[in-house]
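Morning, everyone. Let me put the model up, and then I'll walk through a surface patch and a sheet.

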Amino acid sequence: MKGRLVARYGLLTALAMVLSYIETLIPLSFAVPGVKLGLANLTVIFALYRLGPKPAAALSLLRVALVSFTFGNAYSFWYSLAGAVLSFLIMALLRRQDWFGELGVSVAGGVCHNIGQIAVAAIVLRSTAAAYYLPVLLLSGVLTGMAVGAAAAVLIRRIPPFER
Amino acid sequence: MKRWRRDLLLIALLLAAALTLFLLPRPSAAGAAVLVLQDGEEIGRYPLSEDRTVSIGEEAYNLLTIKNGAAAVTEANCGDHTCVRTGWIDRTGEQIICLPHRLMIKVVGGGSSDWDAVAW
């Protein structure tokens, strides 16, 4: 039983890392720093719906740590962490309240990820100039959140249930 | 499928928020000032946060106006008036140039130009 859990979480964590890596190959942040596809959120949303909030939280934090240490730097770790924590809390809340479908949860998560990043940037730079990017990051959070949410909705329904 | 509708409502609301923020006047970078250079030498530096008018030169005359966090040359006796037509500047790095008077006014300080150095 325990072995299965380890394998399952390991698989999802690896998948999240690969998706984060693929994301670095698609440069979206040509105009505004911080714009990302948020592909790795696919695994977090999947885990949130299929495994529950605790495994999803673990996956999200592990992913941030591993990806930052592998591809990022000290700054990107804090940005990602703030984004991931805020995004996860909102997604878990919305999931539990059952107000929205996967699409809404994903969009809220994408937007909150960006808001968390901006908050850290404002603190690091000691400047409110960070808010200047808010509209663009809101927009990109909605668009990428829609794409990821639509994909997550399909995966959550199509991937056969895990064995207990 | 009521949740679908709520999803779309959420998306619409967020897009509206983004659009509203986008259309709002953007605050200039905090602490930004204008630097006035003539022949490449600094002849003045004024914070954008205080409204004022500064008259630069006598025969070669430009009137620098700072108002509501932005700066512009509102009067000049140079030939081409390019400086006046440049209009208001408030972002770090923006500048007004009056070539006939060898005058350059640029916005310095503030956070936005630091952004290039930030890795996400």
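Start with A:Tyr21. This residue counts as partly exposed because its relative accessibility is 39%. The cut-offs: buried is under 20% relative accessible area, exposed is over 50%, and partly exposed is in between, with a 1.4 Å probe and protein chains only. A:Tyr21 sits in helix α1 of chain A. Helices here are DSSP runs of H or I with at least four residues, strands are runs of E with at least two, and both are numbered from the N terminus.

Ground rules, quickly. This is a predicted model, so local features need pLDDT of at least 70 and side-chain atom pairs count only at pLDDT 80 or more, while totals for chains, interfaces and linings use all residues. Residues are numbered from 1 along each chain as its sequence is written, chains are lettered from A and ligands numbered from 1 in the order written, and side-chain values use heavy atoms, leaving out hydrogens and water.

Which residues form the nonpolar patch on the surface? A:Val18, A:Tyr21, A:Ile22, A:Leu25, A:Ile26 and A:Phe71, with about 520 Å² of accessible area together. Patch members have over 30% relative accessible area and no salt bridge; nonpolar side chains (Val, Leu, Ile, Met, Phe, Trp, Tyr) are joined within 5 Å, like charges within 9 Å. A salt bridge means a side-chain nitrogen of Lys or Arg within 4 Å of a carboxyl oxygen of Asp or Glu. Areas are Shrake-Rupley, 1.4 Å probe; for residues, only the protein chains shown count as cover. Helix α1 (residues 2–25) of chain A gives the patch its largest share, four residues.

Now chain B. It has two helices and seven strands. Along the sequence, the pattern reads α-β-β-β-β-β-α-β-β. Of its 120 residues, 36% count as buried. The chain exposes about 7,200 Å², and carbon and sulfur atoms supply 55% of that.

On to the sheet. In chain B, three strands form an open, antiparallel sheet, in the order β3-β4-β5. Pairing takes at least two DSSP bridges between two strands. The edges are β3 (52–56) and β5 (70–76) of chain B, each pairing on one side only.

Take β3(B) and β4(B): five bridges, antiparallel. B:Thr53 has B:Thr65 in β4(B) as its bridge partner. Their hairpin has five residues between the strands, and there B:Gly57 takes a positive phi near 75 degrees.

Next, β4 (residues 62–67) of chain B joins β5(B) through six bridges, again antiparallel. B:Ile66 stands opposite B:Ala71 in β5(B).
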